[in-house]
Amino acid sequence: MQWRSIVVGLLVLRLALNCVLWLAFGLGPSWGFNFPIQFSFSLPRAEPEPGPGHGGAAAAAARQAGWSRRLYDRGGTTCSKISANTPKRSYLSFFEEGRDEYDRRFGSFPDALRVRMRSMAKDMFYFGYDNYMKYAFPEDELNPIACEGRGPDVLDPSNININDVLGNYSLTLIDTLDTLLVLGNVSEFHRAVKLVIDTVSFDKDSTVQVFEANIRILGSLISAHILLTDPRHPFGDIELENYDNELLHLAHDLAVRLLPAFENTGTGIPYPRVNLKSGVPPDSINETCTAGAGSLLVEFGILSRLIGDSTFEWVARRAVRALWNLRSNETGLLGNVVNIQTGQWVGKQSGLGAGMDSFYEYLLKSYILFGEKEDYRMFKAAYKSIQSHLRRGREACNEGEGDPPLYVNVNMFNGQIMNTWIDSLQAFFPGLQVLNGDVENAICLHAFYYAIWRRFGALPERYNWQLQAPDVLFYPLRPELVESTYLLYQATKNPFYLHVGMDILQSLEKNTKVKCGYATLHHVVDKSKEDRMESFFLSETCKYLYLLFDEDNPLHRSGSRYIFTTEGHVVPLDPRFREKTWEEQFPYEEPTKEPPANISNVRAQMITCEMCERIPEERRYALPLKSMYMRQIDHMVGLS
């Protein structure tokens with residue numbers, strides 16, 4: 001009898017073990033088992049079959065190739081099928097659990113909570129701004145840990161991380177002007193404008209980066225001037241007594257001091273730096289990045305059209321054309337670093353992040369502002385090349401098999417992947433896709449960056465998607481993810497994006513707040529800090545967070561039409577920007593060039609473009625991305 005008991009016991013044990021494996025790997029009802037499944041990332045190896053109607057085999061392969069190795073579909077592994085008659089399951093089915101969890105978390109956002117988050121964003125801004133004015137003004141930035149000001153590093157001129165940005169011209173105050181209006185503080189806006197007029201001069205022995213001075217200083221001065229002088233704009237009549245266009249005069253003075261960067265170059269592409277007193281330094285390098293040289297057109301173009309002097313728009317537009325003409329004949333892509341004398345590409349990496357980002361952004365925004373169809377033709381061609389050569393993953397964001405869409409860094413000449421990291425600046429791109437009408441692709445890319453944020457409570461400067469780990473660990477309070485979150489909420493009104501904003505706001509409050517402001521994270525894992533609060537934190541990050549939760553802001557009123565510059569400065573769409581008061585035509589103009597688009601038709605033109613994908617009515621109140629795909633992305637960035 002003893003041997004029978006042993007046999008029965010062994011049979012029961014084997015049956016129990018099979019049941020445990022069956023339940024644990026999701027092939028039966030869930031009883032609370034949670035075995036995290038890790039992805040092992042690698043470059044695509046297999047050639048996918050080309051799909052019909054997708055513009056050729058190469059483009060189809062790029063769109064459909066998986067950028068992670070699938071560990072869920074290996075023949076012969078345990079639990080790959082229950083019986084011979086059971087159909088083979090897609091690896092995506094592993095992410096079908098937990099739909100209710102995502103719906104419960106993101107499906108609604110009470111009004112009272114939205115009001116509380118708006119107040120929290122407002123308090124965040126004023127904690128940083130008030131401490132800057134108390135401890136740092138008139139210096140450029142606030143050191144929020146030491147509670148003191150920071151200016152250029154005069155002892156080490158080679159410290160371009162500081163000196164490219166800080167010019168000894170009260171950077172943070174200038175950069176923050178229109179944020180005060182967005183928050184409804186007209187009296188403080190007026191006080192800040194008077195301080196700028198009374199204390200700021202650009203007659204400084206400071207060597208600054210042309211790009212940074214343009215977007216942070218020139219753009220803010222122009223924006224504040226426009227908002228001050230025209231009561232038809234979103235904030236109404238905020239006239240300042242005795243104002244005599246001083247901000248515009250300051251902007252003009254700065255732009256004149258930046259002009260030497262465009263002189264004595266073999267291509268028309270500007271030098272990266274100028275000294276505000278003496279022009280281009282004698283030891284200046286002949287290399288610049290695509291974004292730095294090609295993202296001047298919005299600010300320079302507005303200035304030209306406000307003062308009736310074509311010089312500024314002409315030099316900025318010449319630089320854009322020069323870069324555009326250097327793109328690859330094979331892929332249509334540009335590199336990230338170019339020699340301004342020879343036109344040779346020094347950096348052959350093509351991506352959407354650092355060195356490239358705002359070049360694409362300003363092609364589209366220049367068209368919206370100025371109506372020059374040449375700008376839109378360049379943007380459409382660039383976007384098509386990006387979709388063909390940089391985009392990996394499944395073809396549709398919310399349908400089908402495969403990895404989630406991701407934009408990778410490739411060689412500009414052949415489209416081959418050059419590395420396996422993406423950077424935090426790329427998080428701006430979903431917002432640009434919204435502006436272009438490609439909302440579906442924006443939803444997917446945004447979800448990937450938000451998953452990285454959820455894992456670390458911040459965005460590492462570089463994230464390696466193959467290793468599921470940061471390559472560069474610091475986070476300097478950048479606004480790009482918040483900007484895309486705000487624009488996606490404006491496009492969809494989906495409460496999911498309010499939850500994203502709340503998560504970002506609470507993470508910043510928890511991880512970056514210090515004695516006198518908010519500090520750069522030196523390490524996104526251990527949350528150690530650096531004593532620096534860059535001006536864009538107040539100019540952009542706080543502004544977009546506040547606007548996300550402020551439904552009744554003047555910018556959101558029906559009929560308000562405006563864009564944000566790449567530094568987050570508010571620029572209304574103004575008929576004056578469609579007019580050239582000078583008579584001479586730009587050289588190299590195409591003889592058959594179409595006239596500028598009518599400002600009243602721009603919105604319709606963009607909505608009816610071939611890339612525009614509207615959100616179906618039945619999805620307006622559902623999650624923007626299906627739970628299955630959200631769960632998939634969570635696993636791909638290491639969230640359990």
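This is a predicted model: local features need pLDDT of at least 70, side-chain atom pairs count only at pLDDT 80 or more; totals for chains, interfaces and linings use all residues.

User: Where do C397 and C444 sit?
Analyst: C397 is in the loop between β11 (391–392) and β12 (406–407). C444 is in helix α17, residues 439–456. The pair links distant parts of the chain, 47 residues apart.

User: Are C397 and C444 buried or exposed?
Analyst: Both C397 and C444 are buried.

User: And what's the handedness of the C397 and C444 link?
Analyst: The link of C397 and C444 is right-handed, with 95° about the S-S bond.

User: How many disulfides does the structure hold?
Analyst: The structure holds 2 disulfides. One of them joins C147 to C516, S to S 1.8 Å.

User: What does the C147 and C516 pair tie together?
Analyst: C147 lies in the loop between β3 (141–143) and β4 (148–150). C516 lies in the loop between β17 (513–514) and β18 (517–518). So the pair ties together parts that are 369 residues apart in sequence.

User: Handedness for the link of C147 and C516, left or right?
Analyst: The link of C147 and C516 is right-handed, with 90° about the S-S bond.

User: Why does C147 count as buried?
Analyst: Because its relative accessibility is 13%, and buried means under 20%. C516 counts as buried too, at 2%.

User: What pattern do the disulfides follow?
Analyst: The pattern is 1-4, 2-3, counting bonded cysteines along the chain.

User: Switching topic. What about C289 and C542?
Analyst: C289 is partly exposed, with a relative accessible area of 28%. C542 counts as buried, at 1% relative accessibility.

Note on methods:
Residues are numbered from 1 along each chain as its sequence is written. Side-chain values use heavy atoms; hydrogens and water are left out. A disulfide is a pair of cysteine sulfur atoms within 2.5 Å. Helices (H or I, at least four residues) and strands (E, at least two) are DSSP runs, numbered from the N terminus. Buried means under 20% relative accessible area, exposed over 50%, partly exposed in between (1.4 Å probe, protein chains only).
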